[in-house]
Amino acid sequence: MFSLVLALCWVSALTWAQPSVDQENRDTAARAVNLLSFVAVDYAEAVDSGEIRDRSLYRAQQGNVQVATSLLEKLPDRPGRTQLQDNLRALAGAIDKRAPAAEVRQRANGAADRFAALYQLPRSPAEPLPPPCEARALYQDRCQHCHGEQGDAPQAERKLNDPARMANLSLYDFYNVLEPTRSDAHDNAVDGDLSSRERWALAVLVAGFAAPDIAPEQKRAQEFPALVGLPGAAILRPAELPPEARDALMWWRAHPQETAHLQHPLARAAGLLYLAQNAYRGGDTASAYHQLMLGLRDGYAMARPKLVERDPALTAQLDQQWQELRQSILDRAPSNEVIDKFQRLQANVVRAREQLQPSTGSAIYFLAVLLFFAAICVGALLWYGLRRPRKKPNS
């Protein structure tokens with residue numbers, strides 16, 4: 001019966017009409033994110049110990065913040081916009097005072113994440129990341145002459161194999177710079193005709209130039225499960241993580257085809273629910289529905305047989321919640337009602353995850369991961385959202 005419902009839901013997803021979305025506003029916000037991300041990366045090359053090393057690059061960082069501020073003025077007002085304006089002023093002031101690179105990086109990335117949160121940028125694909133081999137020919141044809149065969153260009157700003165520099169960028173940052181409406185780093189001849197999947201494949205390939213040679217131990221996937229699935233693998237910046245998590249993410253995001261078996265299906269369901277809710281809040285109901293049904297098909301449905309053995313009552317409740325949320329989206333129910341159903345479903349997915357894989361403190365940990373994704377712009381949650389409390393050794 002459940003498989004039949006699943007099949008009907010999936011067919012309905014394919015026939016769901018796409019509503020109009022304000023793509024221009026999203027592109028404007030994404031351009032600001034792009035500018036701020038490169039402030040975070042390039043400032044350290046411009047200023048060292050309070051002294052200007054490269055005056056033209058330093059001025060470029062100041063200009064990037066000014067442009068990002070002007071782009072914000074073009075966007076519609078949202079709750080939290082005043083705080084973002086304050087963040088940008090503080091960032092500009094830190095650059096003017098030649099503050100330490102770590103402070104500027106943190107402020108720039110924080111502002112970029114707040115842009116993405118306020119204007120609901122879809123910074124992660126709903127489908128699994130493509131393997132890097134899909135982009136090898138594209139890179140050789142369009143990128144190699146500037147960036148080198150393995151990202152080893154002599155110019156610092158074009159080098160893609162420097163781990164310290166690349167750790168400051170997320171996969172989404174790489175993806176974003178390949179979108180001509182969001183970045184002027186390339187012309188249309190380089191990236192004007194690329195599909196979204198091709199851009200993600202190039203992002204994965206480029207990330208691999210600075211990745212460690214050795215894969216992380218599998219236990220790292222249990223310690224930091226948000227790093228082996230979406231959206232974490234796409235939106236997190238390795239430099240903001242503890243060392244062992246940073247190195248693991250650097251490798252995993254360059255080899256996404258090696259992570260599928262490391263991700264619990266309910267963790268994938270939770271990640272897709274996050275993406276679906278984010279898309280719904282941004283007004284993209286069709287994408288929200290698609291991601292919701294992916295979470296059902298590729299996450300919950302895979303874990304359901306074990307869950308029904310462990311907790312039949314919770315399974316029945318989840319079955320009903322998936323169906324009610326799907327129907328509410330199709331019926332265009334009031335948004336506050338839909339959001340409430342998203343949150344209730346997500347909370348029960350967390351419960352189900354705990355039922356199938358109990359461990360000391362893991363409920364707190366998994367809730368923290370979800371809270372981190374819901375408030376990705378708040379960097380203070382990062383460590384607690386990803387780090388699983390370690391068990392004490394037996395005495």
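The following legends describe close-up views of a predicted model.

**View 1. Buried residues of helix α14.** Helix α14 spans residues 243–252. Its buried residues are Ala245, Ala248, Leu249, Met250, Trp251 and Trp252. The elements that cover these buried residues include α8 (163–166), α12 (219–223) and α13 (232–235).

**View 2. Packing of helices α15 and α16.** Two packed helices are described by the angle between their axes and the distance between the axes. Helix α15 comprises residues 265–281 and helix α16 residues 285–310; they pack at an angle of about 170°, with their axes 8 Å apart. At this angle, α15 is roughly antiparallel to α16. On the α15 side, the contact is made by Pro265, Leu266, Arg268, Ala269, Leu272, Leu273, Leu275, Ala276, Ala279 and Tyr280. The residues contributed by α16 include Thr285, Ser287, Ala288, Gln291, Leu292 and Leu294, and also Gly295, Asp298, Gly299, Tyr300, Met302 and Ala303. Classified by residue type, the contact of α15 with α16 has 15 nonpolar, five polar and two charged residues.

**View 3. The salt bridge between arginine 165 and aspartate 42.** Side chains of opposite charge can pair when their charged atoms come close. The whole structure holds 22 salt bridges. One of them is formed by arginine 165 and aspartate 42, whose closest N and O atoms are 2.9 Å apart. This pair links distant parts of the chain: arginine 165 belongs to helix α8, aspartate 42 to helix α2 (residues 23–46), and the two are 123 residues apart. Both arginine 165 and aspartate 42 are buried.

View 4. The side chains of aspartate 113 and arginine 123 form a salt bridge with an N to O distance of 3.0 Å. Aspartate 113 is located in helix α5 (residues 101–118), whereas arginine 123 is in the loop between α5 and α6 (136–142), so the pair ties together parts that are ten residues apart in sequence. Aspartate 113 and arginine 123 are buried. Through salt bridges that share partners, Asp113, Arg123, Asp173, Arg237 and Glu240 are joined into one network.

**View 5. The salt bridge between aspartate 298 and arginine 297.** Here the side chains of aspartate 298 and arginine 297 meet in a salt bridge, at 2.7 Å from N to O. Arginine 297 has a relative accessible area of 29% and is therefore partly exposed, this class lying between the limits of 20% and 50%. Aspartate 298 is also among the residues of α16 that make the contact with α15.

Definitions and conventions:
Residues numbered from 1 in each chain as written. Predicted model: local features only at pLDDT ≥ 70, side-chain atom pairs only at ≥ 80, totals over all residues. Heavy atoms only, no water. Buried < 20%, exposed > 50% of the residue type's maximum accessible area, 1.4 Å probe, protein only. Helix = DSSP H or I, 4+ residues; strand = E, 2+ residues; numbered from the N terminus. Contact = heavy atoms within 4.5 Å. Axes fitted to C-alpha atoms, helices over the stretch in contact; angles between N-to-C directions. Parallel < 35°, antiparallel > 145°, perpendicular 65-115°, else oblique. Nonpolar A, V, L, I, M, F, W, Y, C, P; charged D, E, K, R; others polar. Salt bridge = Lys/Arg side-chain N within 4 Å of Asp/Glu carboxyl O.
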